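Biologist: I've got a structure open and a handful of things I'd like to go through with you. Could you take a look?

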Protein chains: 2
Amino acid sequence: METMTDDNHSDNHSDNHSDIHDDHHDDNGTSRFPAGGSAAVELGLDTFGDVTAGPDGRRLSQAQVLRDVVDEAVLADELGLDFFGVGEHHRDDFAVSAPEVVLAAIAARTERIRLGSAVTVLSSDDPVRVYQRFATLDALCEGRAEVIVGRGSFTESFPLFGYDLGDYERLFEEKLDLFARLRTGGPVTWSGTTRAALEDQAVYPPPEVLPLRTWVGVGGSQPSVIRAARHGLPMMLAIIGGDPMAFAPLVELYHRALTHLGQPAMPVGVHAPGHIALTDEAAVEQMWPHYSAMHARIGRERGWGPMTRAQFEHAVGPHGALMVGSPSTVAAKIVRAVAGLGLSRFDLKYSLGTLPHDQLRTTIELYAKEVVPLVRAGLAAHA
Amino acid sequence: METMTDDNHSDNHSDNHSDIHDDHHDDNGTSRFPAGGSAAVELGLDTFGDVTAGPDGRRLSQAQVLRDVVDEAVLADELGLDFFGVGEHHRDDFAVSAPEVVLAAIAARTERIRLGSAVTVLSSDDPVRVYQRFATLDALCEGRAEVIVGRGSFTESFPLFGYDLGDYERLFEEKLDLFARLRTGGPVTWSGTTRAALEDQAVYPPPEVLPLRTWVGVGGSQPSVIRAARHGLPMMLAIIGGDPMAFAPLVELYHRALTHLGQPAMPVGVHAPGHIALTDEAAVEQMWPHYSAMHARIGRERGWGPMTRAQFEHAVGPHGALMVGSPSTVAAKIVRAVAGLGLSRFDLKYSLGTLPHDQLRTTIELYAKEVVPLVRAGLAAHA
């Protein structure tokens, strides 16, 4: 199941190597990011505001889910996690359609945690509006905002906002180009086919910290990786199936492309789903009914077959994408991904369909209190 | 100077009377509003996030102004005021371009105060996005959100978002029609010329309290008044020049039109600029340099002559639109407007160009602690 972008990441990975590969992350615009693969990796959380089940097993209202998301973010901040991201959808099973509004409420109740979208569906929005909302958020939280822009894995936003899926590629390419200019501040001159041209246009509010921290969400296709590099933007990989290490060639491609295109070194992050409980068995058993139901629901729309229990158990195993289990199991999997891919950031997508709020809170607590120290120790030992 | 809509309210006021006029406000969709002209009138504040002068006299950054706006709203809530509104602009002299993002931060730090836009420039935005942002805000603040939609008095948003000022009338008419459908919840079917059609389209998140409280901001033209009535929406009059009582015929027209069109009775509110200090003289002297500079700045764009001190003193006088002076002076002017026009709400636009944050805080304190009790007592005596 693909939930951050529609890129098919199960094939076409490049395994070319190049002698111009440069994995040194310098200060050229990236000094706000930790070095890749180190114990200073940022460890965060993502949610789409998945509509959860209440105590009676029935789905809660989206309004209640939105309030629960704020509660979860406040907990994450209190426990010292580095990042909290909310992803935009336009469906009855995900409550977040206006990420920055949710993030602004979180901003007002948190002190330190970075706040972002995961992702903003840039293709079906206006880059000027997206910039304005995030620049406003960044002002309100004094520089803690960041944007992860993507093409969107779900297609609901296209007809809703009057876009043609046939323009999928051009919409994202043009809008990313404009957004990349807006984030650096100052008047913008731009023209394209997907919105009105701008000529020496100031856009308000001006960014207070330059540039507005921005990632490109990538599912796994080579063209998406090269596009992120071409715009000189950090890459956030959504790894929701397969072995995370299968993405190593894409990460190498990204770094090589940056060098080849004369861009400074940039960080790479990963977003992956997971669930944590006191034991592996408890985590797996809690997650399975909710995850399999979500997989079946989305699969019906996309023509997937149902997920078998055997497939699920493979995905939660040591080389699978799902970060599920006890704190030590999950920490070991995150260390493997962070060290193996040289990540500067790992975000656990902790909401999983109808999995209830209290179990999400438990995952957040175990992640912050147990997994994070184990990951930092594991990476320090690795270094 | 017109700051909420572009309607010219200095002429064309109807003074027709009709025997079908019905000023009884019943419960038909309006039970969340107090009855017009009573001591239960809601008393609120509006700001556009005017970029203020810092202690050294230089203009602050828009980011700092946005944080100051949140501080002012928190003070207003602590002091028990009923409403706090922020208006959308796209200029270097007003910091709020994304009202709901600012309001969500305020929502998280307040308990009781209602939160809204003043106004949302609906003509140059997408009604679906506006609905989503406000429904999200309403969920986060548990039903305290309201929208004041308007056409916008400034024109910057039209080229910025790719709209033609030649479509000014059609854009607002169509978008108001769509927004009025969205606010009542449930799937929407709509088609028009200014955005993509929707067919039985659910929009998320669903409203938790139905319908989403919505006003139409009106500058003073008869067609705008009748449009608000036709959509069965409450009317918020921007009175920023002339005698407030000159608007009585428009208010009567609104009530008659509601009745004639078979709509339930609806409340009327007024937004007017003002400044409060311990004495009339202090309020006038504090306001004058900032207000006259703002008037000159906007006047240069619109071809107005400079405002003379005599014109200003007339506007701050007993029959002028500006609510300026000591608490008792301002209270008397508000009582006259509320009782005379049968208002359910009065919002003081307390930000005035570069007038500094500390003086804005003083206005808020004097308004809440002294003006509000005087207004309530005055209205009770009036009844």
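This is a predicted model: local features need pLDDT of at least 70, side-chain atom pairs count only at pLDDT 80 or more; totals for chains, interfaces and linings use all residues.

Biologist: Over in chain A, Glu142(A) has a positive phi without being glycine. Is Glu142(A) buried or exposed?

Modeller: Phi of Glu142(A) is near 55 degrees. The residue belongs to the loop between H3 and strand S5 (145-150) of chain A. Its relative accessibility is 59%, so Glu142(A) counts as exposed.

Biologist: Staying with chain A, which loop holds Pro205(A)?

Modeller: Tyr204(A) and Pro205(A) are joined by a cis peptide bond, with omega about 0 degrees. There is a cis bond from Leu210(A) to Pro211(A) as well, with omega near -20 degrees. Pro211(A) is in the loop between S7 and S8. Pro205(A) lies in the loop between strand S7 (198-201) and strand S8 (213-218) of chain A.

Biologist: How are the two copies related?

Modeller: Chain B superposes on chain A with an RMSD of 0.0 Å, by a rotation of 180 degrees and 0.0 Å of shift along the axis. The two copies are thus related as by a two-fold rotation axis.

Biologist: And what percentage of the contact residues of chain B recur in chain A?

Modeller: The same surface serves both copies. The share of chain B contact residues that recur in chain A is 100%.

Biologist: On to the largest pocket: which elements give two or more residues to its lining?

Modeller: The largest pocket has a volume of about 560 Å³. Its lining has 24 residues, and among those nearest the centre are Asp126(A), Tyr163(A), Asp126(B) and Tyr163(B). The elements giving two or more residues are helix H3 (127-140) of chain A and helix H3 (127-140) of chain B.

Biologist: How many residues in that lining are charged?

Modeller: By class, the lining has 6 nonpolar and 6 polar residues. The charged ones number 12.

Biologist: Now helix H7 of chain B, residues 248-260: how far apart are its end C-alpha atoms?

Modeller: H7(B) has 13 residues, and at 1.5 Å a residue they should span 18 Å. The model agrees with that expectation, because the end C-alpha atoms are apart by 18 Å.

Biologist: What covers the buried residues of H7(B)?

Modeller: H7(B) is mostly covered, with 10 of its 13 residues buried. Among the buried ones are Leu250(B), Leu253(B), Tyr254(B) and Arg256(B). The cover includes helix H6 (222-230), strand S9 (235-238), strand S10 (268-276) and helix H10 (327-341) of chain B.

Biologist: Which residue follows H7(B) with a positive phi?

Modeller: Its phi is near 75 degrees. The residue is Gly262(B).

Biologist: Last one: is Met266(B) buried or exposed?

Modeller: Met266(B) is found in the loop between H7 and S10 of chain B. From Tyr168(B) it is 98 residues away in sequence and 26 Å away in space, C-alpha to C-alpha. The cut-off for buried is under 20% relative accessible area. At 6%, Met266(B) therefore counts as buried.

Notes: Residues are numbered from 1 along each chain as its sequence is written. Chains are lettered from A and ligands numbered from 1 in the order in which they are written. Side-chain values use heavy atoms; hydrogens and water are left out. Copies are superposed by least squares on the C-alpha atoms of residues with pLDDT of at least 70 in both. Contact means heavy atoms within 4.5 Å. Helices (H or I, at least four residues) and strands (E, at least two) are DSSP runs, numbered from the N terminus. The expected span of a helix is 1.5 Å times one less than its number of residues. Buried means under 20% relative accessible area, exposed over 50%, partly exposed in between (1.4 Å probe, protein chains only). On a 1 Å grid over the protein atoms alone, a cavity is a set of points where a 1.4 Å probe fits but cannot get out, and a pocket is an open set with protein on both sides within 12 Å along at least five of seven lines; lining residues have an atom within 4 Å of a point. Grid points are joined across faces, edges and corners, and a volume is the space filled by probe spheres set on the points. Ala, Val, Leu, Ile, Met, Phe, Trp, Tyr, Cys and Pro count as nonpolar, Asp, Glu, Lys and Arg as charged, and the others, Gly among them, as polar.
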